[in-house]
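Thank you all for coming. Please have a look at the sequence and the structure on the screen, and then I will go through a few points about them.

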Amino acid sequence: MINSLILRTATKLLFGLLLIFSIFLFFRGHNEPGGGFIGGLVGATAFALFAIAYGPKKSREILKLDPQVMIGAGLLFGVASGIISILLGTPFLTGAWIFPVIGGTELHLGTPLIFDIGVYLVVVGFTLGVIFSLEEEK
Amino acid sequence: MLTAILIAFIVALASPFVVKLAKDYSGWVLALLPAGLFAYFMTSYQLVGSGEVILESSSWLPGLDVHLSFLLDGLSLTFALLITGIGTLVLIYAGGYMKGHRYLDRFLMILILFMASMLGVVLSDNLIGLFIFWELTSVTSYLLIGFNNEKEESRSSALQALLITGLGGLALMGGLILMGLSAGTMSITEILNSGEIIREHPFYLGILILVLMGAFTKSAQFPVHFWLPGAMAAPTPVSAYLHSATMVKAGVYLLARLQPAMGGTTEWFYIVTGFGAVTMLVGGWLALAYTDLKRVLAYSTVMALGTITMLIGMGHDYALKAAAVFIVGHSLYKGALFMVAGSIDHEAGTRDVAYLGGLRKLMPITAAAAAIAALSMGGIPPMLGFIGKELVYEAALSATTFASILIIVAVLANIAVVASSAIVAITPFYGEEKKTPKHAHEAPVSMWIGPVILAAMGLIVGVFPSLADRSLFSATTTAISGVETSYYLSLWHGINLPLILSVVTLLSGLAVFKIWNNLRESSAMQGYARAFGDFPKATYEALLNGMLKFARFQIDAFQSGYLHRYMGTIIGVTIFGTAITLLLKANFVWPDFNDHINAYEVIVLALMILSALAAVAAKSALKAITALGLLGFSIALVYIMFSAPDLAITQVLVETLTVILAALVLVKIPKPVIVDRAGAKVRDAFIAISGGVLVTVMLLIILQGDLDLSLSEYFGETSYVLAHGRNIVNVILVDYRAIDTLGEIIVLGVAAFGIISLIKLYMNDKKEEKQS
Amino acid sequence: MEILLAITVGVLFASSIYLLLKRSLVRVVIGVLILSNAVNLAFFTMGRLTRGEPPLIAADEYVAAAGVANALPQALILTAIVIGFGLFAFALALIYRYYLATGNLQSDKMADAETPVADKFALANKEGE
């Protein structure tokens, strides 16, 4: 934790921006550079920055979820997206898609998206789990 | 069927929560699962009993011909019904037996996991699928046998069972893969239809030996039979389930399943019948050398497994008919008797018959169940066990070769079984009352309902064999023999040789029981137990210790304990080996420098080289980290310049987090003060530079070869059309190669837990130290 | 250009090998980090270099244009970067834990660390019995 007014003030501004940016990167990942890994890393950076400015305890509080739980949930998402394929009678992790039209635009929703959410969660959980535990020991 | 197995696995994972809610009624509640599955399998009873075979398949790894495919014929239905039926009773029993146990939730969960895996074994129609479930049963049974993990005996018995069945599993894997390769298919149905290909294949003997190693170790055949009595360290519900009807029968199931493809040859007959007959005789009499009820039952199970193996080895009609009936009969009475032994142990505080007697008045229901089950075990009419034993005798008598030897072995072994059934059902319950560690009284409902139902089933099917003979038993025999079979069973065949032999067996068995106390303590019996019970076990232990000693010798000889020496050896050998291969095989030509190079690209590369060298030369960790950061960001620039935006973004982010992490840790660590000798520096520099040169040369050689772009082009063409994504890199990650990525995030997860526990556990230790 | 990159990769390999052979664990970890970067770059070079054509399919197209960069090595490297990060973090935590336990960071003193651990196990076993 670094006790600096400038860092803390900047963090307040950057934190939200980074989170939004992370989700933006995640969703555009299928068509433009981005995706679960990159989005996850940006998301983790947001909380890491917060942890440096305000300490890991505060950062954990706003994260709400335990990093370990995020990892578990992420792996569950990854495996679940594969199980869906099995239940549909295709090999494990074969992409399955639906194309609902919402508000006039056709959306492409598929199991790879669920899988990517899993990747996102694991990357965030991993990074934060490591940073928190290294920062908390004192 | 896939759904049935999946549901079982899911319920298993959810069971701890059920236990939390249902508390003392957990056994009853969780028993609904196997009960439901039992009902589900019963719906196929008519259809399968009439000779139909139900197949079901979903692909798993189609590229490797691995499918989650299942088949339900008489054989697998018999086993599925035993697994779910006895499973229901065992779960109820376990709920009572382990009532209030701290880890009841864990216990029931593993028990259900085992059940699900066992269902997988008997239903699989794919060799690899079968193998995976097979190994799952080994792992779960390891956890169950070693459940009382604070006891040294439990841990070592569990490990012993795991090592032996695991070794067999390894052999089995080899055998099954060879079999799949020889037949050109991994589907069991197809293999059974083309048995002559396997039998005439040059690999046949190899396949046979490997598969038999798997089956024999699982089914505790002589000389590795000793793991089964050892496994009695498990809580009794486990023995009642795994060691009567399921786990140990997986081996004979495999033999029965593959009989149409592999059986009928001379090799099969001699090996399988031989091992079965020896196991039968050895196991039967070993049961009489002990006073521990569970041990007596375990050895008589060894005898029964030997009998079934022998029958399948003989392979003629009578033998396979006998096997089908005997499997069911044995499962019913042995499951019941194991539960009885557990109830006695639970209520009286001991299961050593030397300290038991007169319990009949205190535990009347248990005593009655024990008596009925023991009648079946002793092969006395009108029980199913009687029909089974008659068939065994008939099978032995009608063997084409060695009939006289086989019938003598069968009669001798069964005499011992009659005596052991008397030991189990008479000694604890009749005679004068003895003072037991606990004041005995009747077991709760949950603990007598299982033995009562199982014993009653043995009686009902014995009296009314028409319930199963033309349907289940005939269909099972059809599956084992591969030939359409249908027959009736009956209790009375008139006075014939098997009946006369049965009477002889019964009378001699009772005579043996009469003199049992003297017999057990006689030096002949003690010597016999040492030679056939303890000696194989001692041999196994000696082998294991020898292996450990050898491992220790190796460690002392090769492991210096210094990391930098290991590193030097590994890297040096790699460089040397690769360099030699390159010199001998590759034809290196220095490529032309004629492509276009931009000045800024050269600057970035120079920056990379300089920062790497700066990291090497850095005297403090912080300087090194700074240099590393510079290196990482220049690599990101390379990725940007050469059309890899995803990589560049990832690299920048990872580099940032790397620097944060490194800074967090390294500020807390003092400067390293290690000064290397000049000689060491030169040596290291030499290894390092040769490694660098080697990599450059290799890269240059690779760059001059042709690059196969077909895969990348396929991704480019289909990424949007098939996978609905325009960012090809991301589509590869989450779709085309998703299983790779799944592996990767699993690794990340494992690494995170490793790191967190490394740091957290240390901190907790520290805190405790401070407090104390 | 590939040739220059191949030489650079060689230098990175050499630097990382030199560091891996050191007795200071901090330097070994730095060596691991350089090594993962070097391997990534080697892969990248092997997949051939393309300037200014990222592997994306244009918004109005259905298939990738001819001549876009090779996407496969990029996907492999992307996972490798993250795995490399995981490896680095794990190695770092490991040496840090080692430092906390022993107060030094020298790999040639690691053998000494084994004795007390072994004693601890022996003790734990005795208590268990």
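Before the first numbers, a word on contacts: two residues count as being in contact if their C-beta atoms, placed from the backbone, lie within 7 Å. What you see is a predicted model, in which local features need pLDDT of at least 70 and side-chain atom pairs count only at pLDDT 80 or more, while totals for chains, interfaces and linings use all residues. Residues are numbered from 1 along each chain as its sequence is written, and chains are lettered from A and ligands numbered from 1 in the order in which they are written.

Let me start with chains B and C. How many residues does each chain bring to the contact? Chain B brings 89 residues and chain C brings 78 residues. Several helices of chain B supply at least two residues each to the side that touches chain C, among them α26 (563–585), α29 (645–666) and α33 (738–771); helices here are DSSP runs of H or I with at least four residues, strands are runs of E with at least two, and both are numbered from the N terminus. The most comes from α30(B), with 14 residues. By class, this side of chain B has 61 nonpolar, 17 polar and 11 charged residues, where Ala, Val, Leu, Ile, Met, Phe, Trp, Tyr, Cys and Pro count as nonpolar, Asp, Glu, Lys and Arg as charged, and the others, Gly among them, as polar.

Turning to chain C itself, there are four helices and zero strands. Of the 129 residues in chain C, 52% are buried, meaning that 20 or more other C-beta atoms, placed from the backbone, lie within 10 Å of the residue's own.

Within chain B, an automatic or database assignment gives domain 1 (264–521) and domain 2 (526–559). Their centres, taken over C-alpha atoms, are separated by 34 Å, and four residues of domain 1 of chain B are in contact with four residues of domain 2 of chain B.

One helix of chain B deserves a mention, namely α6 (residues 104–123), whose 20 residues reach 29 Å from first C-alpha to last, close to the 28 Å expected at 1.5 Å a residue, that is, 1.5 Å times one less than the number of residues. In α6(B), 18 of the 20 residues are buried.

Finally, confidence: chain B averages a pLDDT of 89, with 99% of the residues scoring at least 70, on the predictor's scale from 0 to 100 for each residue.

How values were computed:
A residue is buried if 20 or more other C-beta atoms lie within 10 Å of its own, exposed if 12 or fewer, and partly exposed in between; C-beta atoms are placed from the backbone.
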